[in-house]
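Colleague: Please pick one part of this model and take me through it slowly. I'd like a close look at a single strand and whatever surrounds it.

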Amino acid sequence: MTHIRAPRGTIDVFPEKPGVWQRLEETVRSVCRNAGYTEIRTPIFEHTELFQRGVGESTDIVEKEMYTFLDKGERSITLRPEGTAPVVRAYLEHKMWALPQPVKVYYIGPMFRYERPQMGRLRQHTQFGVEALGASSPALDAEVISVLISVYQRLGLEGFVVRLNSIGCSKCRPRYKESLMNLLSKHTDELCADCRRRLERNPLRVLDCKNERCAGLAKKLPPIFDYLCEDCSRHFEGVTECLTALDLIYELDPTIVRGLDYYTKTVFEVIHSGLGAQDALGGGGRYDGLAEELGGSAIPGVGFAAGIERAVQVLQDAEGGAIGQEAGRVNVFIAAMGDEAKLQALRLARLLREQGTSADIDYLDRSLRAQMKYADKQGVKKVVIIGEDELKGDYAVVRDMATGDQAQVQFRDLVQVLT
RNA sequence: GUAGAUGUAGCUCAAUGGUAAGAGCGCUGGACUGUGGCUCCAGAGGUUGCGGGUUCGAGCCCCGUCAUCUACCCCA
């Protein structure tokens, strides 16, 4: 019999790590709550069509990375590869336009993409994100960015960089694309094979190609700022104005274009050099056309998604893994010798737990010495010792593990002394 | 989908094609009959990822496969 292992590209998060995960999740919840975002939980699977229409038929995600299957009712179902389309679907489905606008929500949960695993890339990974729907103010774009930054700042994370760009809207982007195509088609022989393909489908992607010659060529291309329409241009200025007012530092980066079709106007990424080739901690932008694409009316929206595993990695690297330990699993260990004393220990443990003190006992019939050793390794603060003498005298010995001080305590006073 | 590297004990790693695959850490027990940390001793723990092949003989060489890591691609 061969062992069953976790599927490729998945991980177990166990003993050392949950502490970091919990801290991260609590920070996300707290920061979001303070900014007026409430939690939304959407299904982990959706109709495949949601992502085909929302994320875009020609994107890599939809084209080759989705976990799609037919359920027993012959419906095409897909494990969600991202969080924005489901949230917009929920907004439309529950007619949240009838609520006071904007509707601001956050989520934390697993996403699935069938990719080759590598550093910072899994087939199941966890994202936290926010979506703010129903307002097109540039101040909201800035708020979303500031929420993401606040999460990292509250965690004490350093060394991340915010990159910002605008990719225009359905009015002005086509003009830019067209001129890129015109300019680049004169140099097709200098482009890499991938970019030659991109030229037809989405010339914007040539801008963020890592190939040296392509990148060199991309530098000579006019920035999109020259092509933005009046509306997009003003919006972008508004965003930068707000970010400056918030004292947030960012870099303008015309090469960030994002790989999902729904983005309009503002796009941004937060990157960190400690992550390897997949250097984005998180990213997002505005998606004013998405609701319409999903059959709703024109509802503007802006949001981000960020990777929990990547943040955990950076945090652990920075803090040497020390934060991983959940300090002292329990406060009190009850060491007992003899059957009668073990029953007493069992009762006492339950009593302490009910009073809010964590407590544990031995389940391996170990010697007192071994029980002490175990208690020490668990990092408990106090050990209660119960043996025949104690039972006779109706007391227990309480030992302080840090100082080594011991005292006899009457059974009826035990709970009070230990809580 | 492509490329390179790597798979030996729970972990980190040894072992020229040649005996019965070892060490450190960790785990369990003992020295210390009812008291942790230090020290010493002992024990448990392996289908050398899996399947073929070459060879008198394979952990080591060859082929395949699976997995991990890294990179391309793309993204969180």
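Modeller: A residue is buried if its relative accessible area is under 20%, exposed if over 50%, and partly exposed in between (1.4 Å probe, protein chains only). Helices (H or I, at least four residues) and strands (E, at least two) are DSSP runs, numbered from the N terminus. This is a predicted model, where local features need pLDDT of at least 70, side-chain atom pairs count only at pLDDT 80 or more, totals for chains, interfaces and linings use all residues, and side-chain values use heavy atoms, without hydrogens or water. Residues count from 1 along each chain as its sequence is written, while chains are lettered from A and ligands numbered from 1 in the order in which they are written.

The part I'd pick is β6. Of its 10 residues, 9 are buried, so β6 is largely enclosed by the rest of the structure. Two strands pair if DSSP finds at least two bridges between them. On one count, β6 and strand β5 (residues 103-112) are joined by 10 bridges and run antiparallel; in that pairing Y107 sits opposite G129 of β6. β6 also pairs with β11, again in the antiparallel sense, over 7 bridges.

What else does β6 touch? Which elements give two or more residues to the surface near RNA strand B? A residue is near the strand if one of its heavy atoms lies within 4 Å of it. By that test 52 residues surround RNA strand B, the closest being R198, R205, R258, G259 and M401. Of the atoms of RNA strand B that come within 4 Å of the protein, 50% belong to sugar and phosphate.

A polar contact is a pair of N or O atoms within 3.5 Å (within protein, one must be able to donate a hydrogen and the other to accept it, and residues adjacent in sequence count only if both atoms are side-chain atoms). Three of these are handy to look up. R399 has a side-chain N or O atom 2.8 Å from a base nitrogen of RNA strand B, and a polar side-chain atom of Q278 is 3.0 Å from a base nitrogen of the RNA. G9 uses its backbone instead: an N or O atom there is 3.5 Å from a phosphate oxygen of RNA strand B. Back to the list: the elements giving two or more residues to that surface are β6 (124-133), α7 (193-201), β10 (280-286), β11 (301-307), α13 (368-378) and α14 (388-393). α13 gives the most, with 7 residues.

By class, the surface near RNA strand B has 24 charged, 15 polar and 13 nonpolar residues. In that count Ala, Val, Leu, Ile, Met, Phe, Trp, Tyr, Cys and Pro are nonpolar, Asp, Glu, Lys and Arg are charged, and the others, Gly among them, are polar.

For contrast, look at the 3-stranded open sheet, ordered β2-β4-β3 with antiparallel pairing. β2 (45-47) and β3 (67-70) are at its edges with a single partner strand each, so one side of each has no neighbour in the sheet. Between β3 and strand β4 (residues 76-79) there are 4 bridges, and the two run antiparallel. T68 stands opposite T78 in β4, while Y67 has L79 as its bridge partner. The β3 and β4 hairpin has 5 residues between the strands, and E74 takes a positive phi near 65° there.
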